[in-house]
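Let's take a walk through this one together, helix by helix. Have the sequence and the 3D view open as you read.

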Amino acid sequence: MKDQLQSIYELLEGGGGKPPEIKIPGRLIVTVVLALVLVSVGWSCFYTVEPEEVGVVLRFGEYNRETPPGLHLKMPTPIERALKVPVQRQLKMEFGFRTVSAGVRSQYERKSMLGQSLMLTGDLNVAVVEWIAQFRVRDSYKYLFKVRNPRATLGVLNEAVMRQVIGDRTVNEVLTVGRQAIAAEVEVRLQALCDQYDLGIKIEQVVLQDVNPPDPVKPSFNEVNQAQQEKERLINEALTAYNKVIPRARGEALQLVQEAEGYATDRVNRAEGDAAAFKAVLAAWKKAPKVTRKRIYLETMEQVYSKLGSKQIIDDDLAGVLPLLQLGKGGAR
Amino acid sequence: MNVSQRILIGVLMLSIVAVSGSPCYIIDETESAVVTQFGKPVGVAVTDPGLKFKVPFVQKVNRFEKRFLEWDGEPNQIPTRDKRFIWVDTTARWRISDPLLFFQRLRDERGAQSRLDDILDGATRNTIAKHNLLQLVRSSNRTAETSTETGGNQDKLTKIEAGRDELAAEVLAAGVAGSADLGIEILDFRFKRINYVEEVRKEVYTRMISERNRIAEQYRSEGHGEAARIAGEQERELKIISSEAYRTATEIKGKADAAAADIYADAYNRDPEVYAFLKTMELYRTSFDENTEAILQTDGEFLRFFDDPG
């Protein structure tokens, strides 16, 4: 080594000729250059793999080994090259919107992403669909070496799959009942495509965010909701009125019947009472008919005469007087 | 030669070596290569990664991607069979399957992208023109889920014969056929985005609005109808209840009156004469009061002892 260095020095310093205009110590240049080379080579022998990553080492361009997190040694750069892949970190892609600032109250940008979010439904209507896809790198070899721009490809696949699934559904399903099923189907199809394309990605979750009718149409959609509410309201009002009137009517009807029953009992009882009384009197009468008759007659007359206001007693021989009487005056008592 | 001149020469030599004078080259996992000698390919394509050797200066390494590559169609207005113009944005995945053939036919990726544009855009137009818009949007004949019990006014999905997948497969087949001798392999073709053209979109919005209005009106009229039915029901119930109550009550009263009449008749018929007498006595008691003036003759039962104690 030293001999070689020596020979290099001699080569550079040897020979006469013109005296150099600029005094550059060759020794210094060589030393500096060699030092730089050594340092850079040495530097490239070390690499760090972060906790959420995995290191992939290529030797002469060929896949050699995978290394876990930590500080590692490898051969200097032209010979071995280290690439790092984030396999533990959960990655996210947004479609139809962009998070402008994340935090406790994140802010989103929507208008410019309408190209991504506007799509056709199965009944040839239009809806605005926003979603996110969460994924992880599952196979670092595939992720690095099978597809160029795997993330861009994933984005393209997301759009194609989401539109396919939405395109098979009515706008009503998309906006209301079908959200869960749509997200699930997109997840399944997307994973199948990722496997088919050798992306080495595992789809963790697809979540639908805001799904809305396009802005110009929104008021009409809201009106449908309102109309539904109104229908419910009308029916409820009618039922309330019904429930107010009918039970009361039933109660009143019952009352009427019960009053009639009361009347009936009263009538029959009275009749039976009167009948019993008569029968008793009759039984007594039959024992002494003449005397009982006279007695009752006289008792009655006693009561009647004592009540009478004016009484005129005329001897039966004076029967002809009747026309001469002054009627209307209080007579002798 | 002085030092600076020597350095200059050294640098010059290094650069010449670096350009094509190096006897070895590295192919990595994402590459394949074709070695050319004065512009003509030598040997077969190199596809395995690793350290390779060549003749310096004379031979040059042309590198190609081994990975799956993306192709993105130019978004365009395309008419369907039912005369609708729609914006179609397509995408495909392809790769260089035969680097040597690729090098000979297409030379580089830019050439390939341009050829793919021709092949696939053309195939897309043809396929879409042969099918209806509905077939481009839909993939299957599933039945739509409805959200409320009024299934009548919910949107339905019309049946289709061929769907999105079939159309994409058709374009792919055409693309594969068109690129058979180019050293590339088209792996997949998909419709990325399908959208209405701006003017059509406005019409569609108008249609959607009127459709929604129709549904809203239907809900409202259903509500009114049901409410009227309930009101009518209420009236009917009311009439039934009150008339039945009246009937029952009057029946009861009638029966009671009849029973009472029977009881009276039964009792009084035993001796109608006595009944007449007793009843008349009672009437006497209640009919006369202090406003009555009476003229009495002494030959009556009450006053017969008046004249003559007999």
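**How the helices and chains pack**

Start where the two chains meet: H9(A) passes H7(B) in a left-handed crossing. Keep in mind as you look around that this is a predicted model.

Who does the touching here? On the H9(A) side you'll find Arg293(A), Ile296(A), Tyr297(A), Thr300(A), Met301(A), Gln303(A), Val304(A) and Lys307(A). H7(B) answers with Glu273(B), Phe277(B), Leu278(B), Met281(B), Tyr284(B) and Arg285(B). Sort the residues of this contact by class and you get 8 nonpolar, 2 polar and 4 charged.

Now stay with H9(A), but turn to its partner within chain A. Helix H8 of chain A, residues 218-287, packs with H9(A) at an angle of about 120 degrees, and their axes are 5 Å apart. H8(A) and H9(A) are therefore oblique to each other. The contact uses Ala284(A), Trp285(A), Lys286(A) and Lys287(A) from H8(A), and Pro289(A), Thr292(A), Arg293(A) and Ile296(A) from H9(A). By class, that is 4 nonpolar, 1 polar and 3 charged residues.

Next, zoom out to the whole meeting of the chains. Chain B puts 114 residues into the contact, and chain A puts in 119. About 10,900 Å² is buried between chain B and chain A, with carbon and sulfur atoms giving 63% of that area. How many salt bridges are there between chain B and chain A? The count is 13. If you'd like one to look up, Arg193(B) forms a salt bridge with Glu159(A), where the closest N and O atoms are 2.6 Å apart.

Last stop: a helix pair inside chain B. Helix H3 (residues 109-129) and helix H5 (residues 164-178) of chain B have axes that come within 9 Å and cross at roughly 140 degrees. That angle makes H3(B) oblique to H5(B), and H3(B) passes H5(B) in a right-handed crossing. From H3(B), the contact takes Ile119(B), Leu120(B), Ala123(B), Thr124(B) and Thr127(B). From H5(B) come Leu167(B), Glu170(B), Val171(B), Ala174(B), Gly175(B) and Gly178(B). The class tally for this pair is 6 nonpolar, 4 polar and 1 charged.

Methods
Residues numbered from 1 in each chain as written. Chains lettered and ligands numbered in written order. Predicted model: local features only at pLDDT ≥ 70, side-chain atom pairs only at ≥ 80, totals over all residues. Heavy atoms only, no water. Axes fitted to C-alpha atoms, helices over the stretch in contact; angles between N-to-C directions. Helix = DSSP H or I, 4+ residues; strand = E, 2+ residues; numbered from the N terminus. Parallel < 35°, antiparallel > 145°, perpendicular 65-115°, else oblique. Left-handed = near helix turned anticlockwise from the far one by under 90°. Contact = heavy atoms within 4.5 Å. Nonpolar A, V, L, I, M, F, W, Y, C, P; charged D, E, K, R; others polar. Buried area = accessible area lost by both parts, 1.4 Å probe. Salt bridge = Lys/Arg side-chain N within 4 Å of Asp/Glu carboxyl O.
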